[in-house]
Amino acid sequence: MLGRGREERGDGIDFYYATKQHALKMTDFLQCTVPCRSKTSQRLISHDIHSNTFNYKSTYSLEIVPICKDNVVCLPPRLAQSLGNMGQVCVCVRVTSAIHLIDPRTLQIAEVDGSTYWRYPFNSLCSPRQLEEFIVMDTEIIRDLHLGAGAGFRSNKHTLADVWVQKTSELDTSQQYHCRTFLGHLLNIGDLVLGFDFANSNVNDDYLNKMNPNHVPDVVLIKKSYDRSKRARRRNWKLKEMERDREGLDVVDERQYTDFLEDLEEDEALRKNINIFRDTSRPPVESDTDDEGAPCISLMEMLEDMTLADATGGEGADMMTD
C-alpha cells in the first residue's frame with residue numbers, strides 16, 4: 001500500500017490506503033452501512049532476515065448485495081413465508097444495513113439483513129433504464145384490507161390504491177393496465193409515474209418463472225415522475241466529493257449521480273447522515289416543494305460552505321502568512 005487513492009472499475013471500486021488501519025476503518029464503515037460480506041488476504045512483499053521483519057500487502061474484498069433502491073425483486077418462497085407470508089414480488093424502498101422491502105399489493109414491509117440475504121439470495125428483476133413512464137388514468141384508495149394469519153407489519157407511510165395507467169408511448173391506443181400500488185398518497189389523475197411492465201417483458205428469473213401467473217402483476221409502479229430539468233434548476237445545494245478520475249465516465253455515470261441527488265431530495269432518512277452544503281451560486285428556495293410537488297431540501301438542512309476567508313474574517317488570510 002504505497003499510496004492513497006481511488007480507482008473506479010465497471011464492477012466496483014478499488015481503494016488504496018497507506019496504512020492497514022485506514023483500510024480496516026473503511027471496511028468497518030461499509031459493513032455498518034450496507035449489507036455485505038468480506039474476504040481478507042495478504043501477500044508477502046519483502047522480508048528482512050537481519051531484523052526479522054516482514055512487509056505484507058493486505059487486501060480486503062467486500063461484496064455488497066446487488067439490490068438497490070427502487071429495484072423490483074422476486075423473493076424465494078421460503079424467505080417470503082418467513083417474512084410474514086408477504087408476496088414474492090416486492091419493491092426495495094431503501095438500503096441501509098438491511099434491505100427494506102414493501103409488498104405493493106398489501107403494504108407489508110420487511111427487512112432483510114446481509115446474513116439472511118446470503119442464505120436466500122435473490123436478484124433485481126429490472127434496471128432503472130428498463131422503467132417506463134406511465135400516466136395515471138384513474139385511482140381508487142383502498143381503505144380496508146384484511147391480511148391473513150401470520151402477516152407481518154404494514155407501512156404507515158404509504159397508502160394502498162388501485163390504479164389504472166397507460167404508457168405515455170401508447171397514448172394513441174386504448175391499452176390500459178390495472179395495478180395495485182403503495183403510492184396512493186402521491187398519485188392523482190394525470191400524474192406521471194415510473195414503473196416496470198411485467199406484461200410485455202421477458203424476465204429470466206427462477207423464482208418468478210415458478211410463480212402462479214395470476215399472482216404476477218402486469219405493472220409495478222416504483223416512483224412518481226417529476227420534470228428533471230426543473231428540479232436541476234431549483235437545486236440550490238451541493239455535495240462535497242472525493243477527487244476522482246473523470247476519464248472513462250459516460251452519460252450513464254452522470255445519470256446515476258443525478259438519480260442519487262434526487263433520492264436525497266425525496267428521502268429524509270437517506271440524507272440524515274450526509275452533509276449537504278448550500279450552493280451560493282443558486283437562488284434560495286422558499287418552500288420545500290415546487291409547483292408540481294417535487295420534493296426538495298429545505299434551507300434549514302443545509303450547511304454553509306466554509307472557506308479560509310470565512311474562518312479568518314476576510315483579511316485574516318494575510319495574518320496567517322506572517
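**Entry 1: Arg271**

I began with Arg271, which touches Leu264, Glu265, Glu266, Ile276, Ile297 and Glu301, leaving aside residues up to four places away in sequence. Contact here means heavy atoms within 4.5 Å. I was working on a predicted model, where local features need pLDDT of at least 70, side-chain atom pairs count only at pLDDT 80 or more, and totals for chains, interfaces and linings use all residues. Residues are numbered from 1 along each chain as its sequence is written, and side-chain values use heavy atoms, with hydrogens and water left out.

I placed Arg271 in the loop between helix 6 and strand 15 (277-278). Helices (H or I, at least four residues) and strands (E, at least two) are DSSP runs, numbered from the N terminus. Is Arg271 buried or exposed? Arg271 is buried, because its relative accessible area is 9%. The cut-offs are under 20% relative accessible area for buried, over 50% for exposed, and partly exposed in between (1.4 Å probe, protein chains only). I also found a polar contact of 2.7 Å between the side chains of Arg271 and Glu301. Such a contact is a pair of N or O atoms within 3.5 Å; within protein, one must be able to donate a hydrogen and the other to accept it, and residues adjacent in sequence count only if both atoms are side-chain atoms.

**Entry 2: salt bridges**

I searched the whole structure and got 17 salt bridges. Each is a side-chain nitrogen of Lys or Arg within 4 Å of a carboxyl oxygen of Asp or Glu.

I looked at Glu266 and Lys223, whose side chains meet in a salt bridge (3.8 Å, N to O). Glu266 sits in helix 6 (residues 251-266) and Lys223 in strand 13, 43 residues apart. Glu266 counts as partly exposed because its relative accessibility is 29%. Lys223, at 15%, counts as buried. Both belong to a network of salt bridges that also links Lys69, Asp70, Arg231, Arg235, Asp263 and Glu265.

Next I checked Asp191 and Lys224, which form a salt bridge at 3.3 Å, N to O. Asp191 lies in the loop between strand 11 (177-181) and strand 12 (192-197) and Lys224 in strand 13 (residues 219-224), so the pair ties together parts 33 residues apart in sequence. Both residues are buried.

Then I took Glu63 and Arg37, whose closest N and O atoms are 3.0 Å apart in a salt bridge. Glu63 is in strand 4 (residues 53-64) and Arg37 in strand 3, 26 residues apart. Glu63 is partly exposed at 40%. Arg37 is partly exposed at 41%.

**Entry 3: the cores**

I turned to the largest nonpolar core, which has 32 residues. Such a core is a set of buried Ala, Val, Leu, Ile, Met, Phe, Trp, Tyr and Cys residues joined through side-chain atoms within 4.5 Å. Val72, Val163, Phe198, Leu208 and Leu221 have the most contacts inside this core. Which strand gives the most to this core? Strand 13 does, with four residues.

I followed Leu208: leaving out residues up to four places away in sequence, Leu208 touches Cys74, Val89, Leu125, Phe198, Val203 and Val216. A second, separate core has 16 residues, including Val73, Leu83, Ile99 and Ala110.
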